[in-house]
Amino acid sequence: YMGHFLSVYFFFAMTDECAEVGVRFPVPRLPRDEDGFVVAFAAGDPAATAFFAEYGLVVFRDARPPAAVAATVEDVWADVEAHPYFRVDRNDPATWEGWPGVPNVGIMDAPNTPALWANQLDDGIFELFASVLGRRDLLVSVDRVGVLRPTVDVPDCGPLPPAAGPRTSAEGEGSTSERPKWRSMPMWLHWDLNPFRWTVGDGLPYAFEDFITENNGSRPNGDEPKLQGMLSLVDAREEDGGFLAVPACHRFLRQWVAQPHLAPYKARKERKLDLVAVPEDDPFLRQAEPVPMRAGSLLIWSSEIAHCNYPNRSNRFRMVQYIKMFPAPPAGSPELQKRAEAVREVLPLAVTPTPAQARRLGLEPYS
């Protein structure tokens with residue numbers, strides 16, 4: 001397989017120009033299987049717990065069945081094609097120039113369809129989060145999807161031949177071109193928490209303003225990890241772009257924030273609760289590596305892991321659905337009531353949660 005060539009290739013411009021400042025911690029490389037995907041675990045495999053403790057992330061294979069994944073891809077495409085401004089046709093690459101969402105980071109609003117809700121509310125995915133977090137009183141996010149367009153060997157004219165199922169590549173006949181302008185940002189390594197505040201136990205109690213930011217500024221609960229996750233909707237190989245992370249950096253985070261040269265950076269970020277970037281001269285930038293994963297796999301990572309998306313350099317689409325879970329606030333919390341009202345506003349009539357799923361949405365209290 002292609003090995004780890006992109007983990008060097010994507011960073012050459014930045015790392016050649018910026019000398020490293022600070023400690024280079026002994027970050028391990030992620031183990032891969034024979035096909036080049038990060039090693040994945042079956043549900044219930046006790047080795048997954050040890051893997052998460054070591055690397056700060058873990059991939060579970062077959063978290064959703066192929067039919068559910070295909071239905072989700074179809075719904076993402078249907079939503080893109082129905083956009084009122086961008087006239088996208090999945091079978092015509094000439095229409096892929098304009099793209100909804102925030103294409104420079106590969107994030108879009110999720111279609112409000114039963115297929116995506118089924119993934120969020122799936123009991124098996126809940127069990128995977130519960131197994132990593134070690135508790136069951138969890139809320140599930142109402143989150144977004146990620147799409148990276150192909151940027152290499154893209155056909156110059158469409159339409160493409162009809163796809164047998166939901167399209168996941170740009171394969172066709174005739175001349176092709178690169179589309180470098182379609183590539184997402186090459187490096188925006190960050191934490192979705194403030195490591196300077198998190199490592200000293202600082203943060204806010206649960207508050208709900210919207211589904212995307214509701215848990216970003218929360219305070220730590222002892223040694224309990226704060227989790228994020230994504231469901232891969234296609235076979236995301238290394239060259240397809242996607243998730244980039246610094247494995248195991250959670251184990252060095254307290255040492256990292258204590259480095260004297262970071263004091264000015266800490267002072268500039270002291271008011272932030274989330275989304276703190278890794279400094280451009282930090283050794284972590286050279287230690288980040290891609291996390292390729294198969295369709296239907298669920299990646300769960302600790303928010304203490306620095307991460308970002310990296311660009312697609314293939315003729316295939318990369319698609320994911322973001323899903324995270326976190327501890328529910330106490331029953332009767334006004335913030336939980338606000339969340340329940342927001343869920344009722346967006347929950348499709350075709351989706352009827354079970355009692356357990358209603359608790360995960362915050363519609364019913366945990367007893």
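1. Because the model is predicted, local features need pLDDT of at least 70 and side-chain atom pairs count only at pLDDT 80 or more, while totals for chains, interfaces and linings use all residues. Residues are numbered from 1 along each chain as its sequence is written, and side-chain values use heavy atoms, with hydrogens and water left out.

2. The sheet is open and has seven strands in the order β1-β2-β13-β9-β15-β5-β3, with mixed pairing; here strands (E, at least two residues) and helices (H or I, at least four) are DSSP runs numbered from the N terminus, and two strands pair if DSSP finds at least two bridges between them. At the edges stand β1 (40-41) and β3 (107-109), each with a single partner strand, so one side of each is left without a neighbour in the sheet.

3. Strand β15 (residues 318-322) is mostly covered, since five of its five residues are buried, where buried means under 20% relative accessible area, exposed over 50% and partly exposed in between, with a 1.4 Å probe and protein chains only. Arg318, Val320 and Tyr322 point one way from this strand, whereas Met319 and Gln321 point the other way.

4. Between β9 and β15 there are three bridges in the antiparallel sense, and serine 232 stands opposite valine 320 in β15. Both faces of β9 are covered, with Leu227, Gly229 and Leu231 buried on one side and Gln228, Met230 and Ser232 buried on the other. Five bridges join β9 to β13, the two strands running antiparallel, and glutamine 228 has tryptophan 301 in β13 as its bridge partner.

5. Helix α3 (residues 47-55) lies across β1, β2 (57-60), β9 and β13 (298-302), running at about 145° to β2. Axes are lines fitted to C-alpha atoms, for helices over the stretch in contact, and angles run from 0 to 180 degrees between N-to-C directions.

6. Aspartate 122 is found in the loop between α5 (114-121) and α6 (123-133), and this residue is buried, with a relative accessible area of 17%. Leaving aside neighbours within four places in sequence, aspartate 122 is in contact (heavy atoms within 4.5 Å) with Ala63, Arg64 and Arg360.

7. The largest pocket holds about 500 Å³ of space. Of its 22 lining residues, the closest to the centre are Ile107, Arg144, His190, Asp192 and Gln228. On a 1 Å grid over the protein atoms alone, a cavity is a set of points where a 1.4 Å probe fits but cannot get out, and a pocket is an open set with protein on both sides within 12 Å along at least five of seven lines; lining residues have an atom within 4 Å of a point. Grid points are joined across faces, edges and corners, and a volume is the space filled by probe spheres set on the points.

8. The largest share of that lining, three residues, comes from β14. The second largest pocket has a volume of about 370 Å³ and is lined by 19 residues, of which Asn215, Ser218, Arg219, Asn221 and Pro327 lie nearest its centre.
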